[in-house]
Amino acid sequence: MSQDRPFKVLGIQQIAIGGPSKDRLKTLWVDKLGLAVTGNFVSERENVDEDICAMGAGPFKVEVDLMQPLDPEKKPAVHTTPLNHVGLWIDDLAKAVEWLTAQGVRFAPGGIRKGAAGFDICFLHPKASDEFPIGGEGVLIELVQAPPEVIAAFKQQGA
């Protein structure tokens with residue numbers, strides 16, 4: 001079955017951590033662990049104010065997104081699950097979504113769109129449904145279109 005899969009998961013693109021205050025998260029991740037803040041993303045639709053941090057370099061850089069809700073009473077509630085989601089580099093996002101949907105994987109609403117870091121993204125829903133019996137089993141999973149340099153680096157490493 002894996003040889004029929006028209007895409008490849010290359011590696012971890014990001015982890016996203018939520019809390020009531022991103023300042024407290026930054027105390028650990030930036031001040032103590034030394035990650036660099038590389039950007040900020042605010043979205044009312046996603047109910048999020050996040051600082052984008054980074055560890056590593058080049059195509060092997062991993063984002064650590066530190067998130068707080070714009071409104072703690074609204075959904076999505078980015079602060080209620082401390083490990084909010086895991087992002088995976090995908091070599092062909094459109095093919096992945098098409099194939100996974102046909103396999104019964106449930107996607108969260110919103111489809112493929114630009115994410116906080118500027119890459120095309122979409123999310124696998126954390127819960128299955130009757131129509132789509134495969135979900136993230138409680139984990140929100142972000143699929144991220146890998147740029148050419150990341151695809152090439154993973155190929156070179158034999159991943």
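Welcome! Start your tour by selecting strands β2 and β3 (residues 48-55): seven bridges join them, and the two run antiparallel. Keep in mind that this is a predicted model. Within this pair, click on V42, and you will find D49 of β3 standing opposite.

Now bring in the helix that packs on the sheet at β5 (83-90), β7 (120-124) and β8 (140-145): this is α2, residues 93-102. Turn the view to compare directions, and you will see that α2 makes about 20° with β7.

Next, show the whole sheet. Which order do its strands follow? Across the open sheet, the eight strands go β2-β3-β4-β1-β5-β8-β7-β6, with mixed pairing. As a reminder, strands of a sheet pair through backbone hydrogen bonds, either parallel or antiparallel.

Then select helix α1, residues 22-32. This helix lies across β1 (9-18), β2, β3 and β4 (62-68), and its direction is at about 150° to that of β4.

For the last stop, zoom in on D51, which sits in strand β3. Is D51 buried or exposed? Its relative accessibility is 6%, and the cut-off for buried is under 20%, so D51 counts as buried. Show its side chain together with that of K22, and you will find a polar contact of 3.0 Å joining the two. Finally, display what surrounds D51: beyond its neighbours within four places in sequence, its contacts are K22, K26, V37, G39, N40, V64, D65 and L66.

Notes
Residues are numbered from 1 along each chain as its sequence is written. This is a predicted model: local features need pLDDT of at least 70, side-chain atom pairs count only at pLDDT 80 or more; totals for chains, interfaces and linings use all residues. Side-chain values use heavy atoms; hydrogens and water are left out. Two strands pair if DSSP finds at least two bridges between them. Helices (H or I, at least four residues) and strands (E, at least two) are DSSP runs, numbered from the N terminus. Contact means heavy atoms within 4.5 Å. Axes are lines fitted to C-alpha atoms, for helices over the stretch in contact, and angles run from 0 to 180 degrees between N-to-C directions. Buried means under 20% relative accessible area, exposed over 50%, partly exposed in between (1.4 Å probe, protein chains only). A polar contact is a pair of N or O atoms within 3.5 Å; within protein, one must be able to donate a hydrogen and the other to accept it, and residues adjacent in sequence count only if both atoms are side-chain atoms.
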